[in-house]
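Hi,

Here is the model I promised to pass on.

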Amino acid sequence: MAMFDLPLDELREYRPEVARPDDFVDFWRRSIDEARTHDLSATFTAIDNKLAVIDTYDVTFSGFGGAPVKGWLHVPAGATGPLPTVVQYFGYSGGRGFPHSNTLWAQAGYALFQMDNRGQSYDSGGPDVTPDNSAYAGLNHSPGFMTAGITDPETYYYRRVFVDAVRALDAVRTSPLVDPDKLIVTGGSQGGGIAIAAAGLAGLAGIRLLGCAPDVPFLCHFERGVQLTDEPPYAEITEYLRGFRDHVEAAYRTLSYFDGVNLGSLATAPALFSVALMDPNCPPSTVFAAYNAYAGTAKDIKIYSHNEHEGGGAYQLDVQLDWFADVFA
């Protein structure tokens with residue numbers, strides 16, 4: 001993939017107008033409040049993860065609509081807490097997977113909480129995945145999750161996921177292994193978009209975050225993404241609207257409630273973004289749109305000029321290891 005988007009100097013200044021509904025904040029505050037009418041019911045059960053240096057807890061908590069959501073809590077072996085904690089969200093099709101699959105931040109000495117993606121995880125496998133058992137999950141949509149319930153923000157798939165992400169913060173803060181005042185949210189691709197949403201919504205939920213680290217984030221400036229790329233998952237929106245020609249206005253209105261540009265404008269935590277300039281899945285201008293709108297006063301973006309959606313890979317993890325240490329310090 002060649003560089004197909006705006007030149008870098010234009011990307012750095014790219015601040016598009018993304019429609020923000022008048023009831024945007026009220027919608028999200030109500031969504032969080034409704035979820036909190038259900039008992040959090042957070043449980044942490046120690047398991048045998050087959051690892052010598054990491055202890056793992058199988059976590060269940062009450063997410064959107066009171067539905068059970070799964071997660072892992074990893075900590076250095078023998079840790080008694082409270083520890084600075086990284087909350088990790090996963091990319092499209094992914095989920096918490098097996099307990100031994102992804103433990104880097106626990107290896108670095110932190111607590112690591114990983115939230116499962118409801119209805120996804122088909123690229124990760126693992127035990128006890130989280131179904132999307134909402135009545136709205138079966139509404140007409142293109143294959144995938146991008147258009148499930150897309151004609152109404154009340155029914156849209158990512159309303160459930162983003163509320164799950166906030167409830168995950170509620171849940172992890174109840175563990176004695178976790179320092180509730182030292183939380184960083186992170187994730188790549190869809191996980192990066194969820195991290196931006198969590199950072200934006202945390203303030204509405206009365207939760208203070210120390211940092212947000214979205215890598216090559218998805219779910220940002222939807223309309224631009226659809227216009228620029230025919231790669232999935234944005235292509236799912238194109239596929240849906242190609243058939244439902246009369247749903248265009250309603251679909252984009254719904255998406256405006258879930259756009260990382262709008263959600264990031266509510267965030268206050270410092271941020272470390274990354275972007276890849278040859279990324280066909282999350283075009284660079286969509287990432288810069290979210291980065292430039294992100295309201296945290298201390299923010300940085302790492303740029304990988306010749307990479308596609310893999311972004312910085314181990315290079316970005318190396319940067320994050322330093323950044324997380326500084327933030328937690």
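T43 counts as partly exposed, because its relative accessibility is 39% and that class lies between buried (under 20% relative accessible area) and exposed (over 50%), with a 1.4 Å probe and protein chains only. T43 sits in strand β1; helices (H or I, at least four residues) and strands (E, at least two) are DSSP runs, numbered from the N terminus. Leaving aside neighbours within four places in sequence, T43 is in contact (heavy atoms within 4.5 Å) with D58, V59 and T60. Its C-alpha atom is 8.9 Å from that of S175, which is 132 residues away along the chain.

Before you go further: this is a predicted model, where local features need pLDDT of at least 70 and side-chain atom pairs count only at pLDDT 80 or more, while totals for chains, interfaces and linings use all residues. Residues are numbered from 1 along each chain as its sequence is written, and side-chain values use heavy atoms, with hydrogens and water left out.

Now the sheet. Nine strands form an open sheet with mixed pairing, in the order β1-β2-β3-β5-β4-β6-β7-β8-β9; two strands pair if DSSP finds at least two bridges between them. At the edges are β1 (43-47) and β9 (299-304), each pairing on one side only. On average, neighbouring strands are turned by 20 degrees against each other, direction ignored. For angles in general, axes are lines fitted to C-alpha atoms, for helices over the stretch in contact, and the values run from 0 to 180 degrees between N-to-C directions.

Strands β6 (residues 178-188) and β7 (residues 211-215) run parallel and are joined by five bridges. Helix α5 (residues 190-202) packs on the sheet, where it touches β4 (83-89), β6, β7 and β8 (271-276), and its direction makes about 140 degrees with that of β6. As for individual partners, T186 has A213 in β7 as its bridge partner.

Q88 belongs to strand β4 and is buried, with a relative accessible area of 11%. Its side chain makes a polar contact with the side chain of Q114 at 2.9 Å. A polar contact here is a pair of N or O atoms within 3.5 Å; within protein, one must be able to donate a hydrogen and the other to accept it, and residues adjacent in sequence count only if both atoms are side-chain atoms.

Over to the helices. Nine of the 10 residues of α10 (residues 284-293) are buried, so this helix is largely enclosed by the rest of the structure. The buried ones include S285 and T286, and both of these touch R224, as do D5, L6 and Y14, not counting residues up to four places away in sequence. R224 lies in helix α6 (residues 222-228) and counts as buried at 16% relative accessibility. Its side chain makes a polar contact with the side chain of S285 at 2.8 Å.

Cheers
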